Structures are given as C-alpha cells and as structure tokens.
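Visitor: Hi! Could you walk me through this one?
Guide: Happy to, just ask away.

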Amino acid sequence: MKINKILLLLLFPLMAEVLVACCDCTDPLIGHYTNKTIVVNNIDNSGSEPMTTTANSVPKEAYGIRTQLNREETACLNPFKYLFIQTAYATSCGCPPPNQLLARDSVIAIQIFTLNDFDVNHPANSDISDYFKIFKGSSFSTIANFIKMYNTVLYSKSELELSFDALLMIPPNLNQNNYFKIKIILSDGRTLEGTTTSIDLI
C-alpha cells in the first residue's frame with residue numbers, strides 16, 4: 001500500500017503535465033533586461049490629460065514630472081525546458097507566454113527632490129516624494145505601490161520603454177520657481193538620476 005502511494009506521488013507531476021499538454025506550441029524564450037537610463041520632463045496637467053511642456057510656467061495645481069525609464073535586453077533568449085515534457089502547452093491549456101524578459105536589476109525606490117526651497121518644511125534638496133502620486137493608465141497610486149506593480153516580467157520588447165507621470169498632489173502655497181531631481185535606486189546598487197528644467201509654479 002505504501003509503495004502504491006509513493007509511486008502515485010512520484011508520477012503525479014508527469015500525469016498532470018500529460019493531462020494539460022493538449023496541443024503543441026513553441027517553448028517560451030527566456031531573456032533578461034537591465035535598467036539603463038532615465039529622461040525626465042515637466043508636465044502640464046491642466047488639460048484633458050497630462051502633457052509634457054517646455055513652457056516657462058505651469059499652474060502649480062497641474063504640475064507633474066514625466067519619467068521615461070529606458071531598459072535594455074542584456075542576453076540572448078534561450079528556450080525554457082520543462083521538467084518532464086518538452087512540448088509547451090497551448091494557450092487554452094495553460095500555455096506560458098512565448099517570450100519572457102526578466103529583470104537583472106529591479107527598482108527598489110523612486111525619490112523626488114526639490115532643488116529650490118519648496119515650503120517652510122522643505123528647503124532645497126529635501127525629499128518631497130510623498131507630495132506626488134503616480135498616474136498611470138487611468139488611476140493614481142503611491143510611489144511604493146507603483147514599484148510593486150511594475151517590477152514584473154516583460155512579455156514583449158516593446159515593454160522595455162516605460163514612462164510614468166508623477167503628479168504633484170500638494171502644491172506650495174506661494175508662486176515660485178523650482179526644478180526637481182528624480183532618483184531611481186536599483187537592486188544592484190546603481191542610482192539613475194534625472195533633473196527637470198527650471199519652471200515657475202504659478
């Protein structure tokens with residue numbers, strides 16, 4: 001009786017794959033990417049949607065920063081091999097995506113610094129990340145939640161370029177000139193930095 005149970009346990013993974021391997025498709029290709037550089041621009045959100053701007057001023061209630069994170073493939077794609085069955089599963093049977101790009105260096109923090117005095121509690125070079133929220137798609141999220149959502153596997157090379165908008169939720173009381181620095185801290189110890197151009201928040 002014990003031998004039968006042991007055999008059943010040993011054969012269960014193979015049986016499971018046989019049951020779901022209902023059609024043929026190519027094995028998924030596994031590659032890697034790395035985060036390379038960022039480009040930052042001022043945003044005017046006073047219209048129907050956030051737009052980058054080269055104007056000298058923007059309403060302070062409509063200010064934001066657009067960050068483009070450039071990522072680069074670092075290795076040739078290699079077929080992923082299954083433990084028991086070499087054929088991949090069809091989509092309807094649980095087939096994995098045909099291409100997968102895994103991060104070699106994930107984003108662990110995004111910080112926003114004011115480079116001029118922002119308010120009485122935030123002089124020049126203060127971290128004001130909590131004053132911003134990320135707007136992506138049609139919803140807002142905190143910076144921390146955004147990082148959790150977008151540190152994911154990529155399924156297409158078109159996803160290597162990621163842009164996101166950090167919109168200012170708590171503007172300064174007074175009209176003033178300012179510019180900001182974005183820091184993206186990576187798991188391998190590197191920091192990607194970008195600085196906006198000077199802009200008047202009115």
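Visitor: Is Asp 105 buried or exposed?
Guide: Asp 105 counts as buried, because its relative accessibility is 2%. Buried means under 20% relative accessible area, exposed means over 50%, and partly exposed is in between (1.4 Å probe, protein chains only). Before we go on: this is a predicted model, where local features need pLDDT of at least 70 and side-chain atom pairs count only at pLDDT 80 or more, while totals for chains, interfaces and linings use all residues. Residues are numbered from 1 along each chain as its sequence is written, and side-chain values use heavy atoms, with hydrogens and water left out.

Visitor: Which residue forms a salt bridge with Asp 105?
Guide: That is Arg 190, with the closest N and O atoms 2.6 Å apart. A salt bridge here is a side-chain nitrogen of Lys or Arg within 4 Å of a carboxyl oxygen of Asp or Glu.

Visitor: And where does Arg 190 sit?
Guide: In terms of cover, Arg 190 is partly exposed, because its relative accessibility is 30%. Arg 190 also forms a salt bridge with Asp 188, the closest N and O atoms being 2.9 Å apart. Asp 188 is partly exposed too, at 41% relative accessibility. Shared partners join Asp 105, Asp 188 and Arg 190 into one network of salt bridges.

Visitor: How many salt bridges does the structure hold?
Guide: There are 5. One of them joins the side chains of Arg 66 and Asp 165, at 2.7 Å from N to O. Arg 66 lies in strand E4 (residues 63-73) and Asp 165 in strand E11, so this pair ties together parts that are 99 residues apart in sequence. Strands (E, at least two residues) and helices (H or I, at least four) are DSSP runs, numbered from the N terminus.

Visitor: Are those two buried or partly exposed?
Guide: One of each! Arg 66 is partly exposed, with a relative accessible area of 22%, whereas Asp 165 is buried at 8%.

Visitor: OK, new topic. Which strands does E9 pair with?
Guide: Strand E9 (residues 132-136) runs antiparallel to E11, joined by 4 bridges. E9 also runs antiparallel to strand E10 (residues 139-141), with 3 bridges. Two strands pair if DSSP finds at least two bridges between them.

Visitor: What stands opposite Ile 134?
Guide: In E11, the bridge partner of Ile 134 is Ala 166, and in E10 Ser 141 stands opposite Ile 134. The hairpin of E9 and E10 has 2 residues between the strands, and Gly 137 there takes a positive phi near 75°.

Visitor: What about an open sheet, what's its order?
Guide: An open sheet of 3 strands has the order E3-E15-E12, with mixed pairing. Strand E3 (57-58) and E12 are at the edges with a single partner strand each, so one side of each has no neighbour in the sheet. E3 and strand E15 (residues 199-201) pair in the parallel sense over 2 bridges, and Ser 57 stands opposite Asp 200 in E15.

Visitor: Last one: which residues make the nonpolar surface patch?
Guide: Phe 140, Met 169 and Ile 170 make a patch of about 280 Å². Patches use residues with over 30% relative accessible area and no salt bridge, joining like charges within 9 Å and nonpolar side chains (Val, Leu, Ile, Met, Phe, Trp, Tyr) within 5 Å. Accessible areas come from the Shrake-Rupley method with a 1.4 Å probe, and for residues only the protein chains shown count as cover. Ile 170 lies in the loop between strand E11 (161-168) and strand E12 (176-178), and is partly exposed at 43% relative accessibility.
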